[in-house]
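User: Can you walk me through this one? I'd like to start with the pocket.

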Amino acid sequence: MLNNKTIAVVIPAFNEERQIIQVLSTIPEFVDRLIVVNDCSTDRTAELVLKYIQSQQQNGQTITAIHKPKETKYNRADVILHKIKEKELKYFIPSQVMNENPEVDRIILINHLRNGGVGAAIARGYQWCLEHLIDCTAVMAGDGQMDPHELHAICEPV
């Protein structure tokens, strides 16, 4: 957390087995969730991320997905908004969250079921963050070309 706000980093990844662990291991501690979206890599990217997740201690902070609201006479707008979000899913690449405990795992691995490109991977990561009410989301490439120390300056104004 930073200034009492949840922070996530979306990491689109395609064949990043050589760099992905370095990227994950250098993300600052104030980042609550790292969302790795594996865009049908043909190398060991997904396998290495899963092993890394299993080797890490949980951060203890639970973040759960927004569930379908039960309709009352007071929340019609929330119910309609939820239905719209469900319909929007058809525009995303089919994917699967690979974590056994996504509510508490700091690193989330989402595997695309077909290749969609970097834009689709970023969009899927943002979608996960919206579903989990993350306050601030940044994007970092899975190849290690971005300096994780810049995240504080990026997130602080938000």
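User: What classes of residue make up the lining of the largest pocket?
Analyst: The lining has seven nonpolar, three polar and five charged residues. Ala, Val, Leu, Ile, Met, Phe, Trp, Tyr, Cys and Pro count as nonpolar; Asp, Glu, Lys and Arg as charged; the others, Gly among them, as polar. This is a predicted model: local features need pLDDT of at least 70, side-chain atom pairs count only at pLDDT 80 or more, and totals for chains, interfaces and linings use all residues. Residues are numbered from 1 along each chain as its sequence is written, and side-chain values use heavy atoms, without hydrogens and water.

User: Which residues lie nearest the centre of the pocket?
Analyst: Ile66, His82, Lys85, Glu86 and Glu131, out of 15 lining residues. Two elements each give two or more residues to the lining: α3 (76-88) and α4 (118-131). The largest share, six residues, comes from α3.

User: What counts as a pocket or lining?
Analyst: On a 1 Å grid over the protein atoms alone, a pocket is an open set of points with protein on both sides within 12 Å along at least five of seven lines. Lining residues have an atom within 4 Å of a point.

User: New topic. How many helices and strands are there?
Analyst: Five helices and five strands. Both are DSSP runs, numbered from the N terminus: helices are H or I, at least four residues, and strands are E, at least two.

User: What is the strand order in the sheet?
Analyst: The order is β3-β4-β2-β1-β5, in an open sheet with mixed pairing. Two strands pair if DSSP finds at least two bridges between them.

User: Why does one side of β3 and of β5 lack a neighbour?
Analyst: β3 (95-97) and β5 (136-139) stand at the edges, each with a single partner strand, so one side of each has no neighbour in the sheet.

User: How do β1 and β2 run, parallel or antiparallel?
Analyst: Parallel, with six bridges joining β1 (residues 7-13) to β2 (residues 33-38). Valine 10 has isoleucine 35 in β2 as its bridge partner.

User: Which strands does α4 touch?
Analyst: α4 packs on the sheet and touches β1, β2, β3, β4 and β5. Contact here means heavy atoms within 4.5 Å.

User: Last one. What does the C-alpha trace span?
Analyst: About 55 × 35 × 25 Å along the principal axes of the chain.

Terms used: 1 Å grid on protein atoms, 1.4 Å probe; cavity = no way out; pocket = protein on both sides within 12 Å on 5 of 7 lines; lining within 4 Å. Axes fitted to C-alpha atoms, helices over the stretch in contact; angles between N-to-C directions.
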